[in-house]
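These notebook entries record what I looked up in one structure. I begin with a term and then proceed by topic.

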Amino acid sequence: MSKMWAGRTEGVTSSLADDFNSSIRFDQRMYREDITGSMAHAGMLGATGIITEDESDKLIDGLSEILSDIDSGKLPINPDCEDIHMFVEEVLTSRLGDLGKKLHTARSRNDQVALDTRMYTRSEITSIQEKLISLCEAVIDKAEEYKDYVMPGYTHLQRAQPITFGHQLMCYVEMLGRDIARLSDAKVRVNVSPIGSCALAGTTYHTDRGYEANKLGFDSVSGNSIDGVSDRDFVCETLSDLSIIMMHLSRFSEEIVLWSSWEFKFVELSDSFTTGSSIMPQKKNPDMAELVRGKTGRVYGDLITILTVLKGLPLAYNKDMQEDKECLFDGIDTVKMCLDVFTGMVSSMKANRENMLLAAQKGFINATDLADYLVRKGLPFRSAYKISGRIVAKCIETGKVLETMTIDEYKEFSELFESDLYQEIDLKNCVDKRISEGGTSVSSVEKQIAQAKERISNLKKGLELK
């Protein structure tokens with residue numbers, strides 16, 4: 001097959017080179033962006049008089065028909081074409097004759113592919129934000145349902161202080177909220193039109209880059225034509241943001257794996273999001289959470305791929321940059337799939353109040369409150385801390401918890417202890433006393449939930465406006 005770029009050479013390459021050079025097997029997913037971008041370009045050519053208005057209209061109609069035919073399945077994408085750009089142009093030329101050849105006036109595949117990739121990334125960022133919002137809503141629902149379930153909070157994976165399960169869950173809402181915001185910030189830099197940069201130096205035609213940018217929903221045009229075709233910062237930034245999303249999902253996955261184990265038994269996952277063992281009938285494995293945790297490394301790899309591809313490239317366009325798409329597409333696909341699965345897994349997850357409370361009691365996580373009690377009685381904190389530690393050691397020795405120690409036993413350590421002590425070390429009271437903003441009290445968690453719901457509502461409205 002003769003190539004559209006034939007001229008300087010015969011345009012005949014070996015089949016091995018064709019296969020190695022071809023990108024249509026993966027860039028065909030951008031056919032919609034390629035065609036709509038070409039329609040805007042044809043409109044600009046007509047509006048500026050580079051071609052006639054009639055020619056522009058015919059090109060736009062022809063492109064619209066190609067888009068409709070691909071969407072309906074009437075027109076299969078030819079895998080023998082070098083890329084999606086060549087496929088669309090070949091079909092257009094076969095249908096319109098020489099008029100189809102005028103479409104590529106005042107542009108290059110260099111700025112065309114940059115345009116398509118930006119449009120695709122912009123659309124997928126919005127899709128991922130919508131999925132993040134759905135996950136936030138699922139987590140918020142669970143936080144509201146379990147806002148007063150007392151459990152141990154951990155540091156160093158050691159029981160530390162009493163918190164509510166709702167408070168723990170709302171932590172992930174904060175993380176996911178930052179992920180949404182990061183993507184919005186990235187979208188600002190994605191939403192810059194490179195079309196009109198041509199191969200690298202611009203064009204001799206009197207084009208209107210703002211016309212195309214406006215038609216395609218871009219906020220601005222690239223300020224330097226070399227940068228317009230060689231910039232892939234937006235791919236790096238998007239994959240960086242996706243990597244952080246996966247890091248957050250992986251941390252959440254790790255906790256779900258722990259919480260659903262027999263050793264914790266804080267939560268039970270739905271049968272719909274677990275698997276069994278081939279030989280051990282008692283097993284209920286949190287495979288979905290484990291897979292999300294595992295796929296985090298895959299998305300990290302996608303980020304490292306593009307960073308490595310770009311690190312030694314001279315300006316402007318190099319064929320190496322074709323390697324931007326597979327890692328971008330894989331990162332996007334992986335994150336979207338993980339978010340969908342995670343939302344379903346969290347939505348169907350059930351918490352075990354009794355096991356959470358029992359773990360909290362056995363962990364002596366109200367020891368800080370015990371020390372604070374003595375401080376309020378006038379004892380210096382360091383002295384109170386030491387007495388509390390000795391009391392915990394006594395409980396471990398005698399198989400008791402702080403709540404089951406008698407007042408006489410407490411008085412062996414300090415005469416400051418009175419019967420009001422038990423009110424102070426009651427786990428529910430320990431939680432409710434932490435009323436500082438962002439704290440673990442039920443009232444604080446309720447406030448966090450209300451604020452998160454308002455933010456989510458505003459985010460949804462914002463995405464609808466885009």
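Entry 1, terms and model. I note that helices and strands here are DSSP runs, numbered from the N terminus, a helix having at least four residues and a strand at least two. I also note that the model is predicted.

I then asked which residues make a nonpolar surface patch of about 270 Å². I found Leu 200, Ile 226 and Leu 315. A patch residue must have over 30% relative accessible area. Leu 200 is partly exposed, its relative accessible area being 37%.

I looked up the extent of helix α13, which covers residues 324–347 and has 24 residues. From its first C-alpha to its last, α13 reaches 35 Å, close to the 34 Å expected at 1.5 Å a residue. I next asked whether α13 is mostly covered or mostly open. It is mostly covered, as 18 of its 24 residues are buried.

I looked up Asp 330 and found a salt bridge with Arg 298, in which the closest N and O atoms are 2.6 Å apart. This pair links distant parts of the chain, with Asp 330 in helix α13 and Arg 298 in helix α12 (residues 287–310), 32 residues apart.

I asked how many salt bridges the structure holds. The count is 36. One of them joins the side chains of Glu 55 and Lys 102, at 2.6 Å from N to O. Glu 55 belongs to helix α4 (residues 53–72) and Lys 102 to the loop between α6 (98–101) and α7 (109–145), so this pair ties together parts that are 47 residues apart in sequence. I looked up the cover of each partner. Glu 55 is buried, with a relative accessible area of 18%, and Lys 102 is partly exposed, with 33%.

I found that the side chains of Arg 376 and Glu 424 meet in a salt bridge of 2.5 Å, N to O. Arg 376 is in helix α15 (residues 367–376) and Glu 424 in helix α18 (residues 421–425), so the pair ties together parts that lie 48 residues apart in sequence. Arg 376 is exposed, at a relative accessible area of 55%. I then traced a network of salt bridges that links Asp 369, Arg 376, Glu 424, Lys 433 and Arg 434.

I placed Gly 378 in the loop between α15 and α16 (381–398). Gly 378 is exposed, with a relative accessible area of 62%.

I searched the whole structure for cavities of 30 Å³ or more and found one. The largest cavity holds about 30 Å³ of space. I asked which residues line the largest cavity. They are Asp 148, Val 150, Thr 164, Lys 428, Val 431, Asp 432 and Val 442. Helix α19 (residues 427–432) gives the most to this lining, with three residues.

Note on methods: Residues numbered from 1 in each chain as written. Predicted model: local features only at pLDDT ≥ 70, side-chain atom pairs only at ≥ 80, totals over all residues. Heavy atoms only, no water. Patch = residues over 30% accessible without salt bridge, like charges linked within 9 Å, V, L, I, M, F, W, Y side chains within 5 Å. Areas by Shrake-Rupley, 256 points an atom, 1.4 Å probe, with all protein chains shown as cover. Salt bridge = Lys/Arg side-chain N within 4 Å of Asp/Glu carboxyl O. Buried < 20%, exposed > 50% of the residue type's maximum accessible area, 1.4 Å probe, protein only. Expected span 1.5 Å × (residues − 1). 1 Å grid on protein atoms, 1.4 Å probe; cavity = no way out; pocket = protein on both sides within 12 Å on 5 of 7 lines; lining within 4 Å. Points joined across faces, edges and corners; volume = space filled by probe spheres on them.
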